[in-house]
Amino acid sequence: MSKKILIADDSMLIRRQVTAALTAAGYVVVEAVDGEDARQKLTPDLTLIVCDLNMPRMNGLELLEKLHADASMSHVPFVMLTTEARPGIYEKAKMLGAKAWLIKPFKPDLLLAAVDRLVPR
């Protein structure tokens with residue numbers, strides 16, 4: 001059975017790039033246009049979330065906080081994929097449970113390495 005990954009990013013281009021890399025590696029991908037859309041698409045069978053930081057309606061840290069507080073979803077590994085590199089934000093995300101932090105523009109092989117480390121195929 002394929003592992004299901006949720007990608008949340010307000011950039012259609014980034015969603016397409018991430019989806020292409022992950023589906024080529026055998027993952028099933030669900031796309032969300034922002035944190036609120038992602039929150040509505042959370043399901044118990046998710047194995048990982050890849051999320052942008054800066055998005056409308058609900059940003060990546062807000063989504064991570066909601067996951068951290070939800071016992072049924074707090075175990076799902078969370079990868080932040082963003083242009084943001086400020087240490088304070090990185091530390092907050094890490095404190096809330098983010099398992100990896102990738103900077104855009106990203107290299108598909110680095111994304112896959114992070115994903116495979118967190119949810120081995």
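β3, α3 and β4 form a β-α-β unit of right-handed sense, in a model that is predicted. A crossover is termed right-handed if, with the strands pointing away from the viewer, the path from the first strand over the helix to the second runs clockwise. Helices (H or I, at least four residues) and strands (E, at least two) are DSSP runs, numbered from the N terminus. Residues are numbered from 1 along each chain as its sequence is written, and side-chain values use heavy atoms, with hydrogens and water left out. Because this is a predicted model, local features need pLDDT of at least 70 and side-chain atom pairs count only at pLDDT 80 or more, while totals for chains, interfaces and linings use all residues.

**Sheet and crossovers**

- The strands form an open sheet of five, in the order β2-β1-β3-β4-β5, with parallel pairing; two strands pair if DSSP finds at least two bridges between them.
- β2 and β5 are the edge strands, and each has a single partner strand, so one side of each has no neighbour in the sheet.
- On average, neighbouring strands of this sheet are turned by 20° against each other, direction ignored; axes are lines fitted to C-alpha atoms, for helices over the stretch in contact, and angles run from 0 to 180 degrees between N-to-C directions.
- Strands β1 (residues 4-8) and β2 (residues 28-32) run parallel and are joined by five bridges, and A8 has A32 in β2 as its bridge partner.
- Helix α1 (residues 12-24) carries the chain from β1 to β2 in a right-handed β-α-β crossover.
- β1 and β3 also pair in the parallel sense, over five bridges, with L6 opposite I49 in β3.
- Three bridges link β3 and β4 in the parallel sense, and I49 stands opposite F78 in β4.
- β4 and β5 pair in the parallel sense over five bridges; L81 has L102 in β5 as its bridge partner.
- A right-handed β-α-β unit is likewise made by β4, α4 and β5.

**Helix packing**

- Helix α5 (residues 108-118) lies across β1, β3, β4 and β5 and runs at about 175° to β5.

- Five of the five residues of β4 are buried, where buried means under 20% relative accessible area, exposed over 50%, and partly exposed in between (1.4 Å probe, protein chains only).
- In a regular strand the side chains alternate between the two faces of the sheet.
- In β4, F78, M80 and T82 point one way, and V79 and L81 point the other way.
- The largest nonpolar core has 23 residues, of which I49, L61, L64, F78 and M80 touch the most other members; a nonpolar core is a set of buried Ala, Val, Leu, Ile, Met, Phe, Trp, Tyr and Cys residues joined through side-chain atoms within 4.5 Å.
- Two or more residues of this core come from each of β1, β3 (46-51), α3 (60-69), β4, α4 and β5 (98-103), and α3 gives the most, with four residues.
- A second, separate core of 20 residues includes V18, V29, L112 and V115.
- Not counting residues up to four places away in sequence, F78 touches I49, C51, G60, L63, L64, L67, A98, K99 and A100; contact means heavy atoms within 4.5 Å.

**Residue L63**

- L63 is located in helix α3 and counts as buried, at 0% relative accessibility.
- Apart from neighbours within four places in sequence, L63 is in contact with G35, A38, R39, C51, M58 and F78.
- The C-alpha atoms of L63 and A113 are separated by 23 Å, and these residues are 50 residues apart along the chain.

**Loop residues**

- E84 occupies the loop between β4 (78-82) and α4 (87-95), and at 14% relative accessibility E84 counts as buried.
- The side chains of E84 and R86 are joined by a polar contact of 2.6 Å; a polar contact is a pair of N or O atoms within 3.5 Å, and within protein one must be able to donate a hydrogen and the other to accept it, while residues adjacent in sequence count only if both atoms are side-chain atoms.
- Beyond neighbours within four places in sequence, E84 is in contact with L53, N54, I89, W101 and I103.
- R57, in the loop between β3 and α3, has a phi near 65°, a positive value in a residue other than glycine.
- R57 is exposed, with a relative accessible area of 61%.
- K104 and P105 are joined by a cis peptide bond with omega of about -5°, and P105 lies in the loop between β5 and α5.
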